[in-house]
Amino acid sequence: MATVLLVEDDHVVRGAMLRSLSDRGHAVHAVGTALEALRRVAAETPDLVVLDLGLPDLDGSDALRMLRGITDIPIIIATARDDEQSVVRLLRAGADDYMVKPFTGAHLDARITTVLRRAGRASRSIQPVVHTVGGLRVDVGERSAHLDGEPLALTRKEFDLLAYLAARPGRVVSRRELLEEVWRQPSVGEDQTIDVHLYWLRRKMGESAAKPRYLRTVRGVGFRLVAPD
């Protein structure tokens with residue numbers, strides 16, 4: 001069965017859902033805040049997240065946006081909100097499914113099975129892709145990157161950023177596009193997030209903004225990845 005991260009601040013509801021899913025064979029970890037959820041996902045990468053919207057430290061919609069910034073695992077929203085506008089907004093923000101409380105453990109188990117089956121079909125349909133730019137080799141299927149034959153120890157988001165640029169060699173990619181496609185954040189004003197990840201990515205590739213080899217900044221526009229001269 002699946003490894004499920006349950007994000008629910010109501011200890012009574014959390015306990016009931018944990019017992020129900022555990023009885024159905026899932027390995028369930030439960031947390032009560034968005035911050036705990038982000039830490040768990042970054043450290044352990046569960047198969048699926050069940051996310052409540054009414055969290056004490058952060059609104060669930062913001063938590064969804066932040067989770068989508070670090071992972072693409074399936075996320076099921078569990079909440080008492082049932083208006084259509086909220087449903088559409090959350091699905092567009094990256095939720096894979098949406099359940100309105102109250103619901104039974106059997107119903108949640110069925111949704112988990114369906115979402116994981118759908119995610120499995122999608123991953124199997126993707127053909128292995130390898131991008132080569134100069135001495136840089138990025139294997140999307142294996143999520144590995146090598147520079148001049150040496151492996152690069154990248155974080156999840158560093159790899160996603162490098163793979164996105166490597167798939168578009170020579171093309172200038174704007175900050176807005178990176179936020180929308182890599183971080184899945186349609187909002188603006190998050191330039192520092194990109195700059196921090198580019199800084200560490202450059203360091204690991206043995207270059208800097210002042211002395212670039214592969215990662216070039218196009219001032220006022222964005223970035224592009226090119227083979228060294």
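These legends go with an overall view and several close-ups of a predicted model.

Local features are described where pLDDT is at least 70, side-chain atom pairs where it is 80 or more, and totals for chains, interfaces and linings take in all residues. Numbering starts from 1 along each chain as its sequence is written, and side-chain values use heavy atoms, with hydrogens and water left out.

Figure 1. Helices (H or I, at least four residues) and strands (E, at least two) are DSSP runs, numbered from the N terminus. The C-alpha trace spans about 60 × 35 × 25 Å along its principal axes. Of the 229 residues, 40% count as buried; buried means under 20% relative accessible area, exposed over 50% and partly exposed in between, with a 1.4 Å probe and protein chains only.

**Figure 2. Arg-202, a buried charge without a salt bridge.** Look for Arg-202 in helix 8 (residues 191-204). A salt bridge here needs a side-chain nitrogen of Lys or Arg within 4 Å of a carboxyl oxygen of Asp or Glu. For Arg-202, the nearest side chain of opposite charge is Glu-207, 4.3 Å away. (Lys and Arg count as positive, Asp and Glu as negative; His and the chain ends are not counted.) The side chain of Arg-202 does have a 2.9 Å polar contact with that of Thr-217. That term covers a pair of N or O atoms within 3.5 Å; within protein, one must be able to donate a hydrogen and the other to accept it, and residues adjacent in sequence count only if both atoms are side-chain atoms.

**Figure 3. Leu-53, a buried loop residue.** Leu-53 sits between strand 3 (48-52) and helix 3 (60-68), and has 1% relative accessibility. Beyond its neighbours within four places in sequence, its contacts (heavy atoms within 4.5 Å) include Leu-58, Ile-77 and Leu-90.

Figure 4. Arg-40 is partly exposed at 28% relative accessibility, and so is Glu-44 at 44%.

**Figure 5. Arg-175 and Asp-195, a salt bridge between two helices.** The N to O distance is 3.0 Å. Arg-175 lies in helix 7 (residues 175-181) and Asp-195 in helix 8, so the pair ties together parts 20 residues apart in sequence. Arg-175 is partly exposed at 23%, as is Asp-195 at 34%.
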